[in-house]
Structure formats: C-alpha cells, structure tokens
Amino acid sequence: MSSAKFETLKNGELLHFSVGALIEKDGKFLLIDRNLHPFGFACVAGHVDEGESPEVALEREVREECGLIVESAKLVVEEEVTQKNKCTYGVEQHKWFVFSCTVSGDLKTNEREVKSSGWYTPTEIKELKVEPVWKYWLQKLAII
Ligand SMILES: [Zn+2]
C-alpha cells in the first residue's frame with residue numbers, strides 16, 4: 001500500500017486527505033460493498049497519496065477499485081470531517097474531496113477491496129447499510 005498524504009494538526013493528531021467518486025448513470029449511483037475497513041456500502045473512495053492531487057487520486061482509485069476511466073470530474077464537496085469509523089491507518093480526521101464524475105470502460109471491481117458493486121437508485125440506497133461518512137455526503141448532496 002502506498003503512503004497516504006497527511007498533515008499533523010495543532011493537537012498532534014493526523015489529518016488525511018480522501019477522495020470520493022459520485023458516479024451516476026440513468027438515475028442510479030455506483031456503490032460498492034467494501035471488503036476492507038470501514039465496512040458498508042460506499043461510493044468509490046480512497047486516500048490521496050503523497051505527491052498526488054485530489055484529481056489524480058480520484059482517477060487512480062476509480063481505476064483500481066472498479067476498472068473505470070474518469071472522463072470528467074466536478075468537485076461537489078470539499079470538507080473536513082471527524083470520522084467515527086477510523087480509516088485503515090487509525091486516523092479520524094479526513095479532508096474530503098468528492099467529485100461528480102463521468103466514466104468510461106467496463107465495470108470490473110477489485111476483489112480484494114470490493115465485495116460487490118451495483119447501480120442503486122436513491123430509494124434503494126436508503127435501504128442499504130451505507131458507511132456513515134457516505135450517508136453524510138449523500139444526504140448533504142440531497143441524493144438521499
Ligand atoms: Zn485515513
């Protein structure tokens with residue numbers, strides 16, 4: 001695993017940077033059931049690595065997790081949150097960049113990172129066990 005970009009906050013805690021991909025097709029959104037902590041359904045997401053811009057991290061994560069190519073990306077959320085579900089590195093504070101994306105290619109998920117994937121309507125998403133930070137973004141963006 002490559003190293004996540006971080007900053008050290010005044011209180012000594014670490015701040016990580018994360019990107020998320022909101023991918024919509026015909027009124028349905030691409031969600032994955034995460035095979036890695038934090039568990040639950042989520043949009044494709046991951047850490048920004050050292051030396052990466054959020055845009056580059058987004059393209060990499062979308063390609064790694066589901067084999068798709070980002071064709072265009074529009075930043076829709078830039079916000080720092082404290083996550084009750086710490087990330088794999090045990091860090092709570094994350095600054096998120098969520099992009100609304102268009103993609104090309106065939107969906108082929110990474111079996112190590114993804115249990116299953118699918119396209120879900122907002123009504124269906126409300127029935128899923130969505131990872132808390134993603135529930136927050138989807139509500140904030142008035143999708144659910
Ligand atoms: Zn993290």
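Helix 1 has 13 residues, and at 1.5 Å a residue they should span 18 Å. The end C-alpha atoms of helix 1 are 18 Å apart, so expectation and model agree. That model is a predicted one.

Stay with helix 1 for a moment. Its buried residues are Pro54, Ala57, Leu58, Glu59, Glu61, Val62, Glu65 and Cys66. An α-helix has 3.6 residues a turn, so residues three or four places apart point the same way.

Now step back to the whole chain. It holds three helices and eight strands. Read from the N terminus, the order is β-β-β-β-β-α-β-β-β-α-α. The radius of gyration is 14 Å, close to the 15 Å that the globule rule gives for 144 residues, so the chain is as compact as a globular protein of that length. The C-alpha trace spans about 45 × 30 × 30 Å along its principal axes. Buried residues make up 33% of the 144. Among contacts between residues at least 6 apart in sequence, 68% join residues at least 24 apart.

Start with strand 1, residues 6-8, which runs antiparallel to strand 2 and is joined to it by three bridges. Here threonine 8 faces leucine 14 of strand 2. The two strands make a hairpin, with five residues between them. In its turn, glycine 12 has a positive phi of about 90°.

Strand 3 also runs antiparallel to strand 2, joined by two bridges. Glutamate 24 is opposite phenylalanine 29 of strand 3. This pair too forms a hairpin, with two residues between the strands.

Strand 5 pairs with strand 2 in the antiparallel sense, over four bridges. Valine 19 has glycine 46 of strand 5 as its bridge partner.

Where do the nonpolar residues gather? The largest nonpolar core has 33 residues. Those with the most contacts inside it are Ala21, Cys43, Val62, Phe99 and Cys101. At least two core residues come from each of strand 2 (14-25), strand 3 (28-34), strand 4 (40-42), strand 5 (44-47), helix 1 (54-66), strand 6 (69-82), strand 7 (93-104) and helix 3 (132-140). Which element gives the largest share of this core? Strand 7 does, with six residues. The general rule is that in soluble globular proteins nonpolar side chains tend to be buried together.

Alanine 21 shows how the pieces meet. Leaving out residues up to four places away in sequence, alanine 21 touches Cys43, Val44, Ala45, Leu58, Glu61, Val62, Phe99 and Cys101.

Valine 48 takes us to the loop between strand 5 and helix 1. Is valine 48 buried or exposed? It has 25 C-beta neighbours inside 10 Å, and 20 or more are needed to count as buried, so valine 48 is buried. Beyond its neighbours within four places in sequence, valine 48 is in contact with Lys5, Phe17, Ser18, Val19, Pro54 and Ala57. Valine 48 and leucine 58 are ten residues apart in sequence, and their C-alpha atoms are 8.0 Å apart in space.

Aspartate 26 lies in the loop between strand 2 and strand 3. Its phi is positive, about 50°, although aspartate 26 is not a glycine. Aspartate 26 has 6 other C-beta atoms within 10 Å, so it is exposed. Alanine 142, in the segment after helix 3, also has a positive phi without being a glycine, near 60°. Alanine 142 has 7 C-beta neighbours inside 10 Å, and so it too counts as exposed.

Note on methods:
Residues are numbered from 1 along each chain as its sequence is written. This is a predicted model: local features need pLDDT of at least 70, side-chain atom pairs count only at pLDDT 80 or more; totals for chains, interfaces and linings use all residues. A nonpolar core is a set of buried Ala, Val, Leu, Ile, Met, Phe, Trp, Tyr and Cys residues joined through C-beta atoms within 7 Å. A residue is buried if 20 or more other C-beta atoms lie within 10 Å of its own, exposed if 12 or fewer, and partly exposed in between; C-beta atoms are placed from the backbone. Two residues are in contact if their C-beta atoms, placed from the backbone, lie within 7 Å. The radius of gyration is taken over C-alpha atoms; the globule rule is 2.2 Å times the number of residues to the power 0.38. The expected span of a helix is 1.5 Å times one less than its number of residues. Two strands pair if DSSP finds at least two bridges between them.
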